[in-house]
Amino acid sequence: MMKRLTAGVAAMALATALAGCIVISSEGGERTVVTPDTARSAASDDAALASLYRSAIADAKRPAEETARDPLRHPAEMLAFAQVRPGDRIADIRPGAGYFTRLFSAVAGPSGHVYDFIPNLTAERENARTDALAAEYSNISRVNGALDAMTYPEPLDLVFVSQEYHDFHIPRFETDVARMNAAIFAALKPGGRYVVIDHQAAPGTGINAVETLHRIEGAQLRREVEAAGFVFEGESTAVANPDDDHSLNVFDEGIRGRTDQFVYRFRKPG
């Protein structure tokens, strides 16, 4: 019986090979098969996205002060890690001057949309910047609200938080971070991504340096996000700096712009 089964598997493998297919995994009775055409299509899609990212980064409408930061912020790597695609609905949480908002707008295109979320607490000084972006890019709009009760006009593909998450633990932000992560979970489509960039704190620090150094321990952030139901998918080291000993405030000129940063991608199951 075993010989007949082995022969049958061998015959199946030969037939698959002759058909021009490659079995790349076989677990639990399920096989994933990639044909040369599928592989070529995936490679073509990747190349098209890489070209789109380059075009977004080269957009002449990006201010000079933003493009000057590109060598430190690695925008192509960030766009790829966040898996940004045309048609995406994206929330950029507390986007500052709009460094990533502009890039997201260019990649999402006319079939997508970017929602800049401005907390009520900082709206008076931050609304105007997003309103200026919305006047320049037709697929950008502003959303205000409480961080721990945020909602959007439609389900989202991506929620993005860059160098801001740690702040939401500071008491003056009046934010329940667990509720905030739950609101983000609810705002995303099943399968949606949640990407967070932040300044790394020393091991064991947890949230103890969020106000003094503006840093948070990556392991702590991961525990908080996973507690909301997200699945951790991986991290990027594009903006990591092993020479940062995590002892300086991120605004200290000795480390500003060159902090050790982690980039995590989480996914809503479904």
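Start with the whole protein chain: of its contacts (heavy atoms within 4.5 Å) between residues at least 6 apart in sequence, 73% join residues at least 24 apart. This is a predicted model, where local features need pLDDT of at least 70, side-chain atom pairs count only at pLDDT 80 or more, and totals for chains, interfaces and linings use all residues. Residues are numbered from 1 along each chain as its sequence is written, and side-chain values use heavy atoms, without hydrogens and water.

Colour by secondary structure. The chain has nine helices and nine strands, taken as DSSP runs (H or I, at least four residues; E, at least two) and numbered from the N terminus.

Next, select I93, M150, Y152, Y165, M180, Y194 and L221. They have the most contacts inside the largest nonpolar core, which has 32 residues. Such a core is a set of buried Ala, Val, Leu, Ile, Met, Phe, Trp, Tyr and Cys residues joined through side-chain atoms within 4.5 Å; buried means under 20% relative accessible area with a 1.4 Å probe, protein chains only. Show helix 8 (177–187). Helix 8 gives this core its largest share, five residues.

Zoom in on L221. Leaving out residues up to four places away in sequence, L221 touches Y165, V196, I216, F262, Y264 and F266. Now pick L49, A82, L103 and F104. These are among the 26 residues of another core, apart from the largest one.

Last stop: the lining classes of the largest pocket. Colour 13 residues as nonpolar, 11 as polar and 12 as charged. Here Ala, Val, Leu, Ile, Met, Phe, Trp, Tyr, Cys and Pro count as nonpolar, Asp, Glu, Lys and Arg as charged, and the others, Gly among them, as polar.

Conventions. Buried means under 20% relative accessible area, exposed over 50%, partly exposed in between (1.4 Å probe, protein chains only).
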